[in-house]
Amino acid sequence: MIYLSDLALIQGSIYRVDGVHNMPFDETYGLGKTEEELNQTGLLVESLPVREDNGKNATLFVNKSTKEMYYEYADFPPTEDEKYAQINEALGVALLENAADKVRIVELEKTQGELLMEVAMLKKGGNL
């Protein structure tokens, strides 16, 4: 028997399983409780469903009425190093965009200066 504990109610009779004890009745490693006592605080099952090996975080759920179990899979949250790398990448992109914007501003200022010179020359009636 396997003991599912720390059941968190999700909806109706569906619970998220936060604790699993594979040997609840073992003399050395068991919980020292009867089947009746364990069923008051958790759920005893014969086996667990097979987890997919998909590189994702598996969370076990159980229907307490039917004892039907299943896993839901989600990506692992990023590590501190991954978060740091993402921030650095975003910062690098922002810096490149900023530099490109500054180049464009300089180009526009140059064009503006040339246009002002042409306007001045045209007002004087001359050619460039």
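**Labels and their cut-offs**

Modeller: Strand E1 (residues 2-11) and strand E2 (residues 14-21) run antiparallel and are joined by seven bridges. This is a predicted model, in which local features need pLDDT of at least 70, side-chain atom pairs count only at pLDDT 80 or more, and totals for chains, interfaces and linings use all residues. Residues are numbered from 1 along each chain as its sequence is written, and side-chain values use heavy atoms, with hydrogens and water left out.

Colleague: Why are E2 and strand E4 (residues 57-63) said to pair?

Modeller: Two strands pair if DSSP finds at least two bridges between them, strands being DSSP runs (E, at least two residues) numbered from the N terminus. E2 and E4 have three bridges, in the antiparallel sense, so they pair by that definition. Arg16 has Phe61 as its bridge partner in E4, and Ala8 has Arg16 as its partner in E2.

Colleague: What makes the contact of Asp18 with Arg16 a salt bridge?

Modeller: The term requires a side-chain nitrogen of Lys or Arg within 4 Å of a carboxyl oxygen of Asp or Glu. The closest N and O atoms of Asp18 and Arg16 are 2.9 Å apart, so the contact meets that definition.

Colleague: Why is Arg16 called partly exposed?

Modeller: Buried means under 20% relative accessible area, exposed over 50%, and partly exposed in between (1.4 Å probe, protein chains only). Arg16 has 29% relative accessibility, so Arg16 counts as partly exposed, and Asp18, at 45%, is also partly exposed.

Note on methods
Helices (H or I, at least four residues) and strands (E, at least two) are DSSP runs, numbered from the N terminus.
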